[in-house]
Amino acid sequence: MKDTRKYFEKRNQRLNQDTSREDLAKREIKTLQIFKEITNGKFLHSGSSVIDIGCGDQFMKNSFESIGVGYRGFDIDNLDIEKDRLPVVDDSQDLIISYALIEHLSSPINMIEESLRCLKP
């Protein structure tokens, strides 16, 4: 767990040197807005809900909330995504995001199953 935390601290330091976390979040929101256009506006809108698995310092939170999207983030300090159940109601989320996490999991099966369980049909 200490090694994992050290890795993310170093990664965050590099990211902070290259660009601000706020700029990264805005860029990701812009990507999602483009996706919204591609899907004829049926994807993400004010009142939508998002779960961020492996959220780190929740750098996306303010950007989502600024466009009226509800945000909940889970990270290693409050959830073991390889075995824990997400504390979220079935079929309740519009979007689940996870940036640079799945490739670090020994077994991503639980993460995928939990994501599917929580997503709206």
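**Figure 1. Glu114 and Arg117 are both buried.** The model is a predicted one, in which local features need pLDDT of at least 70 and side-chain atom pairs count only at pLDDT 80 or more, whereas totals for chains, interfaces and linings use all residues. Residues are numbered from 1 along each chain as its sequence is written, and side-chain values use heavy atoms, with hydrogens and water left out. Buried denotes under 20% relative accessible area, exposed over 50%, and partly exposed the range in between (1.4 Å probe, protein chains only). The side chains of Glu114 and Arg117 form a salt bridge with an N to O distance of 2.6 Å; the term denotes a side-chain nitrogen of Lys or Arg within 4 Å of a carboxyl oxygen of Asp or Glu. Because Glu114 and Arg117 are three residues apart in helix H4, about one helical turn separates them. Arg85, Asp90, Glu114 and Arg117 belong to one network, joined by salt bridges that share partners. Helices (H or I, at least four residues) and strands (E, at least two) are DSSP runs, numbered from the N terminus.

**Figure 2. Asp90 and Arg85 pair through their side chains.** Their salt bridge has an N to O distance of 3.4 Å. Arg85 is exposed, since its relative accessible area is 53%; Asp90, at 38%, counts as partly exposed. The structure holds four salt bridges.

**Figure 3. Lys120 and Asp94 form a salt bridge.** The N to O distance between the two side chains is 3.2 Å. Lys120 lies in the segment after H4 and Asp94 in the loop between strand S2 (70-74) and S3, so the pair ties together parts that are 26 residues apart in sequence. Lys120 is partly exposed, with a relative accessible area of 41%, and Asp94 counts as partly exposed at 22%.

**Figure 4. Ser49 lies in strand S1 (residues 49-53).** At 15% relative accessibility, Ser49 counts as buried. A polar atom of the Ser49 side chain lies 3.1 Å from the backbone oxygen of Ser92. A polar contact is a pair of N or O atoms within 3.5 Å; within protein, one atom must be able to donate a hydrogen and the other to accept it, and residues adjacent in sequence count only if both atoms are side-chain atoms. With neighbours within four places in sequence left aside, the contacts of Ser49 (heavy atoms within 4.5 Å) are Val69, Gly70, Ser92, Gln93, Asp94 and Leu95.

**Figure 5. The largest nonpolar core has 14 residues.** A nonpolar core is a set of buried Ala, Val, Leu, Ile, Met, Phe, Trp, Tyr and Cys residues joined through side-chain atoms within 4.5 Å. Leu32, Leu44, Val50, Met60, Phe64, Leu95 and Ile97 have the most contacts inside this core. Helix H2 (21-38) and S3 are the elements that give two or more residues to it, and H2 gives the most, with four residues. Apart from this core lies another, of 12 residues, among them Phe74, Leu86, Ile96 and Leu105. In soluble globular proteins, nonpolar side chains tend to be buried together. Ile97 touches Val50, Ile51, Asp52, Ile53, Met60 and Phe64, residues up to four places away in sequence not being counted.

**Figure 6. Arg21 is found in helix H2.** With a relative accessible area of 12%, Arg21 is buried. The C-alpha atoms of Arg21 and Met60 are 8.3 Å apart in space, while the two residues are 39 apart in sequence.

**Figure 7. Ile102, Ile112 and Leu116 form a nonpolar surface patch.** Together, these residues have about 270 Å² of accessible area. Patches consist of residues with over 30% relative accessible area and no salt bridge, like charges being joined within 9 Å and nonpolar side chains (Val, Leu, Ile, Met, Phe, Trp, Tyr) within 5 Å. Accessible areas come from the Shrake-Rupley method with a 1.4 Å probe; for residues, only the protein chains shown count as cover. Ile102 is placed in the loop between strand S3 (95-97) and helix H4 (109-118), and counts as partly exposed at 39% relative accessibility.

**Figure 8. The chain contains four helices and three strands.** Along the sequence, their pattern is α-α-β-α-β-β-α. Of its 121 residues, 35% count as buried. The chain exposes about 7,700 Å², of which carbon and sulfur atoms supply 51%. Among contacts between residues at least 6 apart in sequence, 58% join residues at least 24 apart.
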